[in-house]
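Keep the sequence and the 3D view side by side as you read.

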Amino acid sequence: MWDYTDKLKELFRNPKNVGEIENPDAVGEVGSIVCGDALKLMLRIDRETNRIVDAKFQTFGCASAIASSSALTELIKGKTIDEALTVTNKDIAEYLGGMPKEKMHCSVMGREALEAAIANYRGEAPLPETKEHIVCQCFEVSEEKIRKVALENRLTTVEEITDYTKAGGGCGTCIPRIEDILKDLWSVKPPEQPRERKKLTNLQKIALIQDVIEKEIRPVLQADDGDLELIDVDGSRVIVALRAMCVGCPMGGITLESIEEKLRELVDEEITVEAG
Ligand code: FES
């Protein structure tokens, strides 16, 4: 029996914003009934202000999926789409007063539906997920999703990946590959919890960024025939160029996210990394 909070139980028994929006401005559909959970999120968006004026959902899933979807719609209503995109799966879980760790994949599904709906509103094509990028066949979980969820939630074990994505929770065939991904992701050193840092001057910050790139990031990329060049530092914006085998790599976006995570961990948590 899962240890659900009162808030989660309340939103399961009396979910908010269940149903359909007629002719929605955005639709995000994630998961599949075959895999046990599916969520369809519909948004009414004021096109003048890009503000979400209504959000409704339909879901096939457990109590946590229903409560998470309710929480998501409550969290994003009234926000602009840019503000809504700052809502993370952790925010959804916190809104519910916490969730059993085995059910965190429901909060991740909510965040994914939000991203899919906003991409739909913006006319962006969904990310292609080719067969070779699917790591877990049982739950159709891609390598990109495993890396993204691990980075965003600082996950380091297969068990945690299963809790947050379901990958590895079926036949178990994919577990060695998940272990390899985690080893690769955290190969420099295990993620540390955020700690107090002393304020750096601009020159100190630039020097530290250069040092981390040279000692921690480039050797990892070069081991896979890739490389990176630091182009500029503008406040907390770090502009880099991917080089060698990293140029044109379909995982380039994930590589930039990993670099950003590493610089936030070791230099400044405000840092953003972009390709120049
Ligand atoms: S392939 Fe991942 S659990 Fe079966």
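Predicted model: local features only at pLDDT ≥ 70, side-chain atom pairs only at ≥ 80, totals over all residues.

Residues are numbered from 1 along each chain as its sequence is written, and side-chain values use heavy atoms, with hydrogens and water left out.

Helices (H or I, at least four residues) and strands (E, at least two) are DSSP runs, numbered from the N terminus. Two strands pair if DSSP finds at least two bridges between them. Three strands form an open sheet in the order 1-2-3, with antiparallel pairing. Strand 1 (26–32) and strand 3 (51–60) are the edge strands, each pairing on one side only. On average, neighbouring strands here are turned by 15° against each other, direction ignored. Strand 1 pairs with strand 2 (residues 37–46) over seven bridges, in the antiparallel sense. Glutamate 29 stands opposite lysine 40 in strand 2.

Another open sheet of three strands has the order 6-7-8, and its pairing is mixed. Its edge strands are strand 6 (226–234) and strand 8 (272–275), each of which pairs on one side only. Neighbouring strands of this sheet are turned by 35° against each other on average, direction ignored. Eight bridges join strand 6 and strand 7 (residues 237–244) in the antiparallel sense. Aspartate 227 stands opposite arginine 243 in strand 7.

**Helices on the sheets**

Axes are lines fitted to C-alpha atoms, for helices over the stretch in contact, and angles run from 0 to 180 degrees between N-to-C directions. Contact means heavy atoms within 4.5 Å.

| Helix | Strands | Angle |
|---|---|---|
| Helix 2 (residues 63–76) | lies across strand 2 and strand 3 | about 175° to strand 3 |
| Helix 9 (residues 202–222) | lies across strand 6 and strand 7 | about 165° to strand 6 |
| Helix 10 (residues 252–266) | touches strand 6, strand 7 and strand 8 | about 150° with strand 8 |

Helix 6 (residues 143–153) and helix 7 (residues 158–165) pack at about 100°, with axes 10 Å apart. Helix 6 is therefore roughly perpendicular to helix 7 (65 to 115 degrees counts as roughly perpendicular). Which residues of helix 6 meet helix 7? Lys145, Ile146, Val149, Ala150 and Asn153 meet Ile161, Tyr164 and Thr165 in helix 7.

Key:
Parallel < 35°, antiparallel > 145°, perpendicular 65-115°, else oblique.
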